[in-house]
Amino acid sequence: MHTEKSLSILLVEDSQQVAETIFDYFEEEQYELDYAANGIMGLQLACANRYDCIILDIMLPGLDGIEICKRLRAQGNNTPIIMLTARDTQQDMLGGLNCGADDYIIKPFDLMLLEARIKAVIRRTQGVGFKTQLNVGSLMIDLNTRTVSRAGQSIKLNPSGYKILLTLAHQSPNPVTRETIEQALWPDDVPDQDLLRRHIYQLRKALDKPFEQDMLITVPKFGYKLITDENA
């Protein structure tokens with residue numbers, strides 16, 4: 001069965017045999033595939049191009065699939081991600097889903113099943129690799145214009161505050177570690193923790209001070225989380 005339009009897929013897989021098998025199958029199904037054999041190249045391709053779906057192996061040289069997924073989500077990249085794992089363990093499955101993956105599939109897998117999973121995650125994002133809006137309760141983040149509003153009221157954020165909010169919103173209501181937030185803000189050189197606290201303070205003042213219910217919650221000895229205010 002052929003798709004109505006060509007779908008763009010990024011495959012990040014270090015096994016050449018697995019990659020060739022997937023390429024052979026999807027070439028006949030009119031998909032357009034990009035390929036990376038290691039995590040670093042996979043992350044670079046994912047950041048540089050728009051894809052309808054990313055197929056991401058967990059065990060990769062350079063950067064593993066979990067770390068790639070975390071970094072993409074922290075940057076606001078909402079392309080559907082399917083994780084591949086050769087290890088049938090609950091820890092791997094939960095690890096992939098908790099870092100922002102949309103689905104997972106265990107090796108060895110049937111190629112028709114993989115294709116069905118790809119189409120399913122794309123349908124869940126309405127056929128668009130990049131969502132245009134992210135909502136948590138009355139909070140709305142427009143990913144195209146990078147504007148934020150809560151209960152219809154515009155919220156002005158500096159670039160660092162926006163990145164923090166985006167990172168928390170992607171994982172909401174789950175907590176996010178300080179380390180993950182710092183990686184989103186300063187991927188190359190993380191400064192002292194006091195700077196993060198100052199950014200959190202500024203974000204909390206903009207996000208919560210004008211409203212009765214707090215959405216930005218501190219999780220002691222761990223990090224922060226964003227909760228919904230819709231029941232306020």
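This is a predicted model: local features need pLDDT of at least 70, side-chain atom pairs count only at pLDDT 80 or more; totals for chains, interfaces and linings use all residues.
## Overall make-up

The protein has 232 residues, and 48% of them are buried. Its secondary structure comprises eight helices and twelve strands.

## A four-stranded sheet

Four strands form an open sheet in the order β6-β7-β8-β9. Their pairing is antiparallel. Strands β6 (133–136) and β9 (153–155) sit at the edges, and each pairs on one side only. On average, neighbouring strands are turned by 25 degrees against each other, direction ignored.

Strand β8 spans residues 147–150. Three bridges join β8 to β9, and the two run antiparallel. Within β9, Gln153 is the bridge partner of Arg150.

## The helix across the sheet

Helix α6 covers residues 159–171. The helix lies across three strands: β6, β7 (139–142) and β8. Relative to β7, helix α6 runs at about 115 degrees.

## Asp142 in strand β7

Strand β7 includes Asp142. Is this residue buried or exposed? Asp142 is buried, yet it has no salt bridge. The nearest side chain of opposite charge belongs to Arg146, 9.5 Å away. A salt bridge would require a side-chain nitrogen of Lys or Arg within 4 Å of a carboxyl oxygen.

What does the side chain of Asp142 reach? It reaches the backbone nitrogen of Thr145, at 3.0 Å.

Notes: Residues are numbered from 1 along each chain as its sequence is written. Side-chain values use heavy atoms; hydrogens and water are left out. Two strands pair if DSSP finds at least two bridges between them. Axes are lines fitted to C-alpha atoms, for helices over the stretch in contact, and angles run from 0 to 180 degrees between N-to-C directions. Contact means heavy atoms within 4.5 Å. Buried means under 20% relative accessible area, exposed over 50%, partly exposed in between (1.4 Å probe, protein chains only). Lys and Arg count as positive and Asp and Glu as negative; His and the chain ends are not counted. A polar contact is a pair of N or O atoms within 3.5 Å; within protein, one must be able to donate a hydrogen and the other to accept it, and residues adjacent in sequence count only if both atoms are side-chain atoms.
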